[in-house]
Amino acid sequence: MAWFRNLIQVSAIRALIKPRNTHPPLSLYTSLTHFSTDPTTHQTPPTNPIQYSGLPPTKSNEKPRVVVLGSGWAGCRLMKGIDTEIYDVVCVSPRNHMVFTPLLASTCVGTLEFRSVAEPIGRIQPAISRAPGSYFFLAHSTGLDTDNHVVDCRTVTDEANTLDPWNFKISYDKLIIALGAQALTFGIRGVTENAIFLREVSHAQEIRRKLLLNLMLSDVPGISEEEKRRLLHCVVVGGGPTGVEFSGELSDFIIRDVHQRYAHVKDYIHVTLIEANEILSSFDDRLRRYATKQLTKSGVHLVRGIVKDVQPQKIILNDGTEVPYGLLVWSTGVGPSPFVKSLELPKSPEGRIGVDEWLRVPSAQDVFSIGDCSGFLESTGRPTLPALAQVAEREGKYLANLLNKIGKAGGGRANTAKDMELGDPFVYKHLGSMATIGRYKALVDLRQSKEGKGLSMAGFVSWFIWRSAYLTRVISWRNRFYVAINWATTFVFGRDISRI
Ligand SMILES: Cc1cc2nc3c(=O)[nH]c(=O)nc-3n(C[C@H](O)[C@H](O)[C@H](O)COP(=O)(O)OP(=O)(O)OC[C@H]3O[C@@H](n4cnc5c(N)ncnc54)[C@H](O)[C@@H]3O)c2cc1C
């Protein structure tokens with residue numbers, strides 16, 4: 001792998017001396033080790049050998065390579081469980097960390113700090129930082145050639161304005177597609193341009209900065225009453241768990257922190273939650289009613305309506321109502337990303353990557369898919385599982401064990417596990433749902449399905465269970481410590497309101 005390290009060094013030096021906004025010179029590409037038909041590799045030779053930079057097929061003296069696309073719940077749980085004595089692991093993702101999404105809403109108002117919910121991949125799977133054949137590549141996967149076992153990638157250079165992105169390829173022995181999903185906008189005009197989605201740490205940062213900016217601007221002399229009301233109107237669209245949790249966090253922030261520290265504008269700030277149907281529709285009826293009552297008590301204005309159009313300063317509902325806003329957060333569910341849609345792989349009825357009971361993509365050798373981007377093929381007769389961390393995490397764990405088993409049985413290399421007996425298929429058992437609603441209250445619904453029977457409760461005890469459960473679920477001891485300290489600091493001193 002010395003050639004690859006040399007490539008990184010050469011690229012870094014070239015990047016430093018290169019003029020702004022230029023591609024790596026062509027000579028750099030051609031001087032790299034290329035993919036070629038190599039007699040020592042175990043893979044079927046590419047039907048059409050191409051010359052390009054990247055990771056060539058593994059050789060007999062190397063470990064088989066598992067390539068993981070995505071660093072979310074599914075991909076990270078898989079990487080954590082994979083046996084790095086058997087495999088080298090290569091992760092390709094536009095972010096070098098996993099986001100602990102259930103606590104993301106708390107970072108938007110400063111209850112938690114951003115780093116407390118971001119887990120670096122090198123901590124989840126240390127081999128990625130240390131093992132000579134394992135890597136993390138900051139890149140998007142852009143294409144897939146399942147016949148030749150090759151993934152196309154494009155680097156992410158968003159903030160390095162001296163460098164343009166470039167393409168490279170990675171050969172895999174086993175490929176895990178764990179690309180997640182993207183926010184649904186239902187084609188409503190103006191959503192992408194004007195609303196903020198709450199899916200990444202960068203989104204939470206944007207929300208926090210905008211909220212604090214609006215608070216500060218509305219305190220400056222010269223602003224009209226009407227403009228002040230608009231700037232401080234926070235609108236959340238989507239009454240699922242994420243929208244409700246975010247509204248609860250916002251109302252807590254307003255009651256405790258804005259009233260103390262922005263006393264001049266405290267009567268202007270409001271939260272409106274817009275939902276087309278019932279809020280928290282997957283929860284028990286009783287819990288839904290409780291949540292509605294509590295949110296209303298905390299000052300959240302619940303509106304039943306369908307958004308028709310989103311303009312820079314107002315949204316328009318189906319019945320013609322105009323809702324001016326200063327902050328708009330959009331959380332109306334998720335669907336497959338354009339890249340997932342574009343992959344020429346079989347699809348589940350919902351348009352996700354279709355898998356069988358062992359999470360394999362049946363038509364492509366050595367390709368598996370897990371998490372929000374995958375769904376059971378119609379032929380399996382199984383329903384599509386909900387887009388939840390607990391599904392993604394358990395699929396990741398199951399697949400890590402399956403790959404370890406395959407590797408131990410000698411099927412780790414490309415095209416060597418075709419007729420292998422895989423054992424028990426993946427089975428999902430729902431453990432229940434939880435959501436906080438602010439003011440030290442939460443909902444805990446332990447029923448296995450909407451129609452099923454089981455324990456469901458709401459209130460302070462549920463809130464305590466919610467916090468304890470998530471504190472134990474946070475991946476590393478470092479972040480567990482951060483979260484506990486953040487909660488304690490917020491409780492004693494209030495939230496941090498500095499706009500950094
Ligand atoms: C705010 C919020 C709160 C939530 N709360 C809960 C909860 O309380 N309980 C629960 O069960 N679920 C919750 N969820 C849902 C849960 O987070 C998802 O179901 C889970 O993240 C799915 O995991 P995943 O690995 O499939 O996708 P993700 O975690 O979304 O990860 C996808 C990964 O793929 C990467 N990626 C995307 N495109 C490319 C590309 N082209 N190439 C390479 N990489 C790419 C992304 O950067 C990311 O690293 C919540 C979600 C959100 C947004």
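**Sheets, helices and ligand shell of the predicted model**

Strands β6 and β7 form a hairpin with 4 residues between them, and His149 in the turn has a positive phi of about 60°. Helices (H or I, at least four residues) and strands (E, at least two) are DSSP runs, numbered from the N terminus, and two strands pair if DSSP finds at least two bridges between them. The structure is a predicted model, in which local features need pLDDT of at least 70 and side-chain atom pairs count only at pLDDT 80 or more, while totals for chains, interfaces and linings use all residues. Residues are numbered from 1 along each chain as its sequence is written.

His149 is placed in the loop between β6 (135-145) and β7 (150-155). His149 counts as buried because it has 26 C-beta neighbours inside 10 Å. A residue is buried if 20 or more other C-beta atoms lie within 10 Å of its own, exposed if 12 or fewer, and partly exposed in between, with C-beta atoms placed from the backbone. A positive phi also occurs at Phe186, a residue other than glycine, where the value is near 55°. Phe186 is placed in the loop between β10 (182-183) and α7 (191-194), and Phe186 is exposed, with 11 other C-beta atoms within 10 Å. Most residues other than glycine have a negative phi. Strand β6 also pairs with β3, to which it runs parallel over 4 bridges; here Val92 has Phe137 of β6 as its bridge partner.

The protein has 15 helices and 25 strands, and 43% of its 500 residues count as buried. Among contacts with a separation of 6 or more, 63% are between residues 24 or more positions apart; two residues are in contact if their C-beta atoms, placed from the backbone, lie within 7 Å.

Helix α3 (residues 73-81) is mostly covered, with 7 of its 9 residues buried. These buried residues are Trp73, Ala74, Gly75, Cys76, Arg77, Leu78 and Met79. They pack against β2 (65-69), β3 (88-93), β4 (97-99), α5 (121-124), β9 (174-177) and α13 (389-408). Arg123 is placed in helix α5. With 18 C-beta neighbours inside 10 Å, Arg123 counts as partly exposed. Arg123 and His97 are 26 residues apart in sequence, and their C-alpha atoms are 9.1 Å apart in space.

The ligand is surrounded by 33 residues, of which the closest are Gly70, Gly72, Thr101, Gly180 and Gly371; a residue is near a molecule or strand if its C-beta atom, placed from the backbone, lies within 6 Å of it. At least two residues of this shell are supplied by each of α3, β3, α4 (104-108), β6 and α13. The shell divides into 17 nonpolar, 13 polar and 3 charged residues, where Ala, Val, Leu, Ile, Met, Phe, Trp, Tyr, Cys and Pro count as nonpolar, Asp, Glu, Lys and Arg as charged, and the others, Gly among them, as polar. The ligand lies between domain 1 (2-181 + 336-408) and domain 2 (191-333 + 431-493), because both give residues to the shell around it. The domain bounds come from an automatic or database domain assignment.

An open sheet of 5 strands has the order β11-β18-β12-β13-β14, with parallel pairing. Strands β11 (196-197) and β14 (300-304) stand at the edges with a single partner strand each, so one side of each is left without a neighbour in the sheet. Strand β13 (residues 270-275) pairs with β14 in the parallel sense over 5 bridges, and Thr272 has His301 in β14 as its bridge partner. Helix α8 (residues 201-217) lies across β11, β12 (233-237) and β18 (327-330) and runs at about 155° to β18. Helix α10 (residues 241-261) lies across β12, β13, β14 and β18, at about 170° to β13. Axes are lines fitted to C-alpha atoms, for helices over the stretch in contact, and angles run from 0 to 180 degrees between N-to-C directions.

An open sheet of 3 strands has the order β23-β24-β25, with antiparallel pairing. Its edge strands, β23 (433-438) and β25 (456-459), each pair on one side only. Neighbouring strands of this sheet are turned by 10° against each other on average, direction ignored. Helix α11 (residues 285-297) packs on the sheet and touches β23, β24 and β25, its direction making about 170° with that of β24.
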